[in-house]
Amino acid sequence: MSSGALERDAPAVNRPAGLDRRQVHAVAACYFVASFAALGLPPYLTQVLPTLGDREGRWAGVLYIVPTVFSALGAPLWGRLADRFGRKRLLLRAQLGLTASFLLAGAADSLAAFTVALVLQGFLGGTFAATNGYLGAALRGFELSRALTLMQGSARASLVAAPILVGALSPWIAPHRQYLLMAVLPLAAAALLAFLPEPEQPHRTAATTASAPAPVTLLRLLYLFEFVFVFATIVSFPYLIALVEQRLPGVSGTVSGVLFALPHLVYLLTAGRVHRMFRHRPRSGLFAAFALVALGLAGHGAAHSLPAFVLTRAVLGAGLTLGLVCLSVLAAAAAEGRAPGRMFGTLELVSKGGAVAAGAAAALVNGAFGPTAPVLAGTAAAALAATLVLLTRWSPR
C-alpha cells in the first residue's frame with residue numbers, strides 16, 4: 001500500500017489539529033521498524049529452535065505465541081497508563097522494551113533463556129496498542145480509520161520484507177543471531193519518536209462534544225470479529241514454511257519467504273482503494289473478507305505446486321486486506337467518545353487472545369495431523385465467522 005494511495009482518499013479540509021500528515025507518516029515508519037523483527041523472525045522458529053536444543057522444532061507453535069500472550073496481558077495496563085501519563089511516553093517505552101528483548105533473544109544460548117527473552121518482548125513491547133492509542137488521542141472518524149489502515153500497511157510491509165530478508169541472510173547469519181541485528185530497528189524508532197509531540201485531541205464542535213460514546217454493541221462486535229479474524233489468519237503462520245517445504249521439496253528459503261509474505265503484499269498494493277470502497281459498508285466487507293480467507297486457506301490444503309501456492313496466498317491476501325481495513329473502520333467508530341489508550345489496549349488483548357488461541361490450535365493439530373491441519377482449522381473458523389456476520393444485525397454509524 002503506497003502512502004499516496006491513502007492520501008488521495010483524504011479530504012483537503014478538516015485535518016485534525018493533533019497530528020499532521022508528516023507526523024502520521026513518521027509514526028507509521030516507527031511502527032514498520034518495530035514490526036520488522038517481531039513479525040518477520042517468528043516464521044523461522046522451526047530453524048531457530050534446533051540450535052537451542054529442540055532438534056525437531058516441536059516448541060515452535062508454543063513459542064510463536066509466547067510474546068503474544070504477554071503482550072495481551074500487559075496491553076490493558078499500558079493502555080491505562082498511557083491515558084494517565086501520556087501516549088508518547090508509553091510508545092517510547094514499547095520501542096525500548098523491544099530493543100532490550102531482541103538483544104536478549106539474539107544472545108540466548110538455551111531454550112529457557114530464549115523463552116524469557118520472548119516473554120519480555122511481549123510484555124515490554126506492545127507497539128500495536130501504544131501506536132494506535134497515540135493516534136486515537138489526536139485523530140477521529142475517517143482520519144483515524146485511514147491512519148489505522150496505514151499502520152496495518154506498515155506491519156504488512158514488515159511481513160513482506162522481513163521473511164524475505166531473513167531467508168536471504170540465513171546462509172550467512174543464522175536466524176537466531178539476526179535478533180541482535182534487528183535490535184537496532186526499534187532503537188532507531190525510539191530516537192525518531194522522541195522528536196514527535198504529545199498528541200492533542202482535534203477540535204470538536206458543540207454537536208460533537210455533546211454526542212455520546214459509540215454504542216457498546218458496536219464495541220463488542222469489534223472485539224468478537226477481531227478475535228475470530230486474527231485466529232483464522234494467524235493459525236496458518238507457525239507451520240507455513242514447513243508446509244511449503246513438504247509440498248515443494250528443495251524450495252529455497254527466499255521462495256518460502258516470498259510465499260509467506262504474498263498476502264501482505266496484496267494488502268500493500270490494494271488497501272488504499274479498499275478503504276475508499278468499504279469505509280461506509282464494513283459489514284459487507286467483513287463478510288467478503290471471511291469468505292475469501294476461508295477459500296484461500298482451503299486452497300492451501302490442495303496446493304502441490306508453486307503456481308497453486310501463489311494463487312491461494314493471493315486469495316488469502318484479498319481476504320486479509322478486506323478484513324483489516326473494515327476492522328480499522330469499526331475501531332475508529334468504536335473509539336468515538338472513549339479513552340483511546342484503554343480501548344486500544346483492550347483491543348490488543350482481544351487480538352492477541354485470538355493469536356494465542358491460533359498458535360495453540362496450530363501446535364495441537366499440527367502434532368496430530370501434520371502441517372496441513374492448521375490451514376484447515378483456519379478455514380473452518382473463517383467460514384463460521386462469515387455466517388455470523390450475515391446473521392448479525394448492526395450498524396457502524
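With which residues is Thr127 in contact, leaving aside its neighbours within four places in sequence? In the predicted model described here, Thr127 is in contact with Tyr31, Ala34, Ala94, Gln95 and Leu98 once neighbours within four places in sequence are left aside, contact meaning heavy atoms within 4.5 Å. The model is a predicted one, in which local features need pLDDT of at least 70 and side-chain atom pairs count only at pLDDT 80 or more, whereas totals for chains, interfaces and linings use all residues. Residues are numbered from 1 along each chain as its sequence is written, and side-chain values use heavy atoms, with hydrogens and water left out.

Thr127 is found in helix H7; helices (H or I, at least four residues) and strands (E, at least two) are DSSP runs, numbered from the N terminus. The relative accessibility of Thr127 is 10%, and the residue therefore counts as buried. In this scheme buried means under 20% relative accessible area, exposed means over 50%, and partly exposed lies in between (1.4 Å probe, protein chains only). Arg87, in helix H5 (residues 87-107), is likewise buried, because its relative accessible area is 17%. Apart from neighbours within four places in sequence, the contacts of Arg87 are Ala82, Gly133, Tyr134, Ala137, Glu198 and Pro340.

Leu120 belongs to helix H6 (residues 111-124) and has a relative accessible area of 30%, so Leu120 is partly exposed. When residues up to four places away in sequence are not counted, Leu120 touches Ser101, Leu104 and Gly125. The C-alpha atoms of Leu120 and Ser101 are 5.7 Å apart in space, while the two residues are 19 residues apart in sequence.

Ala332, in helix H16, is buried because its relative accessible area is 5%. Residues up to four places away in sequence again being excluded, Ala332 touches Gly141, Leu144, Ser145 and Leu148. By contrast, a distance of 37 Å separates the C-alpha atoms of Ala332 and Gly106, which are 226 residues apart along the chain.

Charged pairs were examined next. Side chains of opposite charge can pair when their charged atoms come close. A salt bridge is taken as a side-chain nitrogen of Lys or Arg within 4 Å of a carboxyl oxygen of Asp or Glu, and by this rule the count comes to four salt bridges. One of these joins the side chains of Glu336 and Arg140, with an N to O distance of 2.8 Å. This pair links distant parts of the chain, 196 residues apart: Glu336 lies in the loop between helix H16 (306-334) and H17, and Arg140 in the loop between helix H7 (127-136) and H8. Glu336 is buried because its relative accessible area is 18%, whereas Arg140 counts as partly exposed because its relative accessibility is 24%.

Glu143 is buried because its relative accessible area is 9%, and Arg146 is buried because its value is 11%. In helix H17, Glu348 and Lys352 are four residues apart, about one turn of the helix, and their side chains meet in a salt bridge of 3.9 Å, N to O. Glu348 counts as buried because its relative accessibility is 2%, while Lys352 is partly exposed because its relative accessible area is 22%.

Helix H17 also takes part in a helix crossing. Two packed helices are described by the angle between their axes and the distance between the axes. The axes of helix H12 (residues 216-234) and helix H17 (residues 340-369) come within 8 Å and cross at roughly 30 degrees. Axes are lines fitted to C-alpha atoms, for helices over the stretch in contact, and angles run from 0 to 180 degrees between N-to-C directions. The crossing is right-handed, the near helix being turned clockwise from the far one by less than a right angle. Residues making the contact include Leu219, Leu222, Tyr223 and Phe227 of H12 and Met343, Leu347, Val350 and Gly354 of H17.

At the surface, Trp172, Ile173 and Leu181 form a nonpolar patch with about 360 Å² of accessible area together. Patches are made of residues with over 30% relative accessible area and no salt bridge; like charges are joined within 9 Å and nonpolar side chains (Val, Leu, Ile, Met, Phe, Trp, Tyr) within 5 Å. Accessible areas come from the Shrake-Rupley method with a 1.4 Å probe, and for residues only the protein chains shown count as cover. Trp172 lies in the loop between helix H8 (141-169) and helix H9 (175-182) and counts as exposed because its relative accessibility is 72%.
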